[in-house]
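Here's a quick briefing for anyone meeting this structure for the first time.

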Amino acid sequence: MKTSHIAIVVRNNLEEKIEFWKRLLDTENVDECDIMGMKTIIIRGAETAVELLYPLIEECPIKDSPEGFHHITFSTKDLDSVLDRTKDSVVKHSPKIEFERLHEAGTITFIDSPEKSGNVLVELAQLKEKE
């Protein structure tokens with residue numbers, strides 16, 4: 001498993017935040033799309049990526065999330081084995097979701113065990129192989 005990206009909720013001054021992360025990561029590699037009522041901006045640096053989540057409608061997945069750190073995403077080649085490995089430690093996860101956005105597609109799930117993770121929301125992603 002490797003770290004894929006961290007996600008940050010943005011409630012205002014979106015353009016300023018995009019510029020900050022572009023400068024920090026020394027990149028112009030920025031993709032954006034609208035998905036599930038959010039504008040999702042992915043800023044890819046050489047070693048890591050930052051995903052900015054900006055609500056477009058009131059009823060979206062981040063509706064109750066304050067501005068700031070939202071989750072960390074790890075990518076894996078075998079999502080099922082990670083879920084099997086963690087099921088004995090009373091780790092709950094959301095149903096698996098198939099997704100397609102920007103230049104990637106795959107399956108994701110969220111680990112919902114704040115007492116085990118130190119109150120950090122963890123997303124696991126298995127990307128489809130590029131054709």
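Glu115 lies in helix H3, which covers residues 114-117. Helices here are DSSP runs of H or I with at least four residues, strands are DSSP runs of E with at least two, and both are numbered from the N terminus. This is a predicted model, in which local features need pLDDT of at least 70 and side-chain atom pairs count only at pLDDT 80 or more, while totals for chains, interfaces and linings use all residues. Residues are numbered from 1 along each chain as its sequence is written, and side-chain values use heavy atoms, leaving out hydrogens and water.

- Glu115 counts as exposed because its relative accessibility is 55%; the cut-offs are under 20% relative accessible area for buried, over 50% for exposed and in between for partly exposed, using a 1.4 Å probe and protein chains only.

**Two loop residues with positive phi**

- Asn119 sits in the loop between H3 and E8, and its phi is near 65 degrees, a positive value in a residue other than glycine.
- With a relative accessible area of 67%, Asn119 is exposed.
- Met36 belongs to the loop between strand E2 (30-35) and E3, and its phi, near 50 degrees, is also positive in a residue other than glycine.
- Met36 counts as exposed, at 53% relative accessibility.

**His5 in strand E1**

- His5 is part of strand E1, residues 2-9, and it counts as buried because its relative accessibility is 5%.
- The side chains of His5 and Ser4 are joined by a polar contact of 3.1 Å. A polar contact is a pair of N or O atoms within 3.5 Å; within protein, one must be able to donate a hydrogen and the other to accept it, and residues adjacent in sequence count only if both atoms are side-chain atoms.
- Not counting residues up to four places away in sequence, His5 touches Ala49, Val50, Glu51, His71, Ile72, Thr73, Arg101 and Glu123; contact means heavy atoms within 4.5 Å.

**The cavity**

- On a 1 Å grid over the protein atoms alone, a cavity is a set of points where a 1.4 Å probe fits but cannot get out, while a pocket is an open set with protein on both sides within 12 Å along at least five of seven lines; lining residues have an atom within 4 Å of a point.
- There is one cavity of 30 Å³ or more, and the largest cavity has a volume of about 70 Å³. Grid points are joined across faces, edges and corners, and a volume is the space filled by probe spheres set on the points.
- Ser4 and His5 are among the residues that line the largest cavity, as are Arg101 and Glu123.
- E8 supplies the largest share of that lining, three residues.
- By type, the lining of the largest cavity divides into four nonpolar, four polar and three charged residues. Ala, Val, Leu, Ile, Met, Phe, Trp, Tyr, Cys and Pro count as nonpolar, Asp, Glu, Lys and Arg as charged, and the others, Gly among them, as polar.

**The second largest pocket**

- The second largest pocket has a volume of about 560 Å³.
- Its lining has 27 residues, and Pro61, His70, His71, Phe110 and Leu121 lie nearest its centre.
- E6 gives the most to the lining of the second largest pocket, four residues.
- That lining divides into 16 nonpolar, six polar and five charged residues.
- His70 has its place in strand E5 and is buried, with a relative accessible area of 16%.
- Leaving out residues up to four places away in sequence, His70 touches residues including Ala7, Leu53 and Leu121.

**Val122 in strand E8**

- Val122 is found in strand E8 and counts as buried, at 14% relative accessibility.
- Val122 and Thr73 are 49 residues apart along the chain, with 6.0 Å between their C-alpha atoms.
- Beyond its neighbours within four places in sequence, Val122 is in contact with Ile72, Phe74, Thr109, Phe110 and Ile111.
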